[in-house]
Amino acid sequence: KTRDELVVLFSNLFQDPIILDEVTVLSQKVTHRVLQDEQVNEHAQRVTAELFEKVLDEKQLQNQAGVALWNSIKYAIVPNWFGDYGTRKTAPPTTTPTTEP
């Protein structure tokens, strides 16, 4: 019974616009404080560097990136439309009869 009453209390509490605004402000302040912490920044930089090092060391990923880059260069030098040259058939232009007064 107490638990049910607490659920009702908190659900009603977080429907109040004043409470929602204050919770939003508090959340922003806490987030900014955490992001300004030097230890958090150092840890994030270390973890990010390790992640990129692991990702960039993967041979399969290097191979796929190389193939994609080479295909992009080939396409930039010799676009696809050279292969289509002369194969497209265009419909003759249609003319609409004009009536002159």
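Predicted model: local features only at pLDDT ≥ 70, side-chain atom pairs only at ≥ 80, totals over all residues.
## Basis

Local features need pLDDT of at least 70 and side-chain atom pairs count only at pLDDT 80 or more, while totals for chains, interfaces and linings use all residues. Residues are numbered from 1 along each chain as its sequence is written, and side-chain values use heavy atoms, with hydrogens and water left out.

## Fold and exposure

The protein chain has five helices and zero strands, giving the pattern α-α-α-α-α along the sequence. Helices (H or I, at least four residues) and strands (E, at least two) are DSSP runs, numbered from the N terminus.

Of the 101 residues, 1% are buried; buried means under 20% relative accessible area, exposed over 50%, and partly exposed in between (1.4 Å probe, protein chains only).

## Nonpolar patch

Leu-6, Leu-9, Phe-10, Leu-13, Phe-14, Leu-20 and Val-23 make a nonpolar surface patch of about 580 Å². Helix H1 (2-13) and helix H2 (17-36) are the elements that give two or more residues to this patch, and H1 provides the largest share, four residues. Patch members have over 30% relative accessible area and no salt bridge, with nonpolar side chains (Val, Leu, Ile, Met, Phe, Trp, Tyr) joined within 5 Å and like charges within 9 Å. A salt bridge is a side-chain nitrogen of Lys or Arg within 4 Å of a carboxyl oxygen of Asp or Glu.

Leu-20 sits in helix H2 and counts as partly exposed because its relative accessibility is 39%.

## Negative patch

Glu-50, Glu-53, Asp-57 and Glu-58 form a negative surface patch. Asp-57 lies in the loop between helix H3 (38-56) and helix H4 (59-77), and Asp-57 is exposed, at 52% relative accessible area.

Conventions. Areas by Shrake-Rupley, 256 points an atom, 1.4 Å probe, with all protein chains shown as cover. Lys, Arg positive; Asp, Glu negative; His and termini not counted. Charge placed at Lys NZ, Arg CZ, Asp CG, Glu CD.
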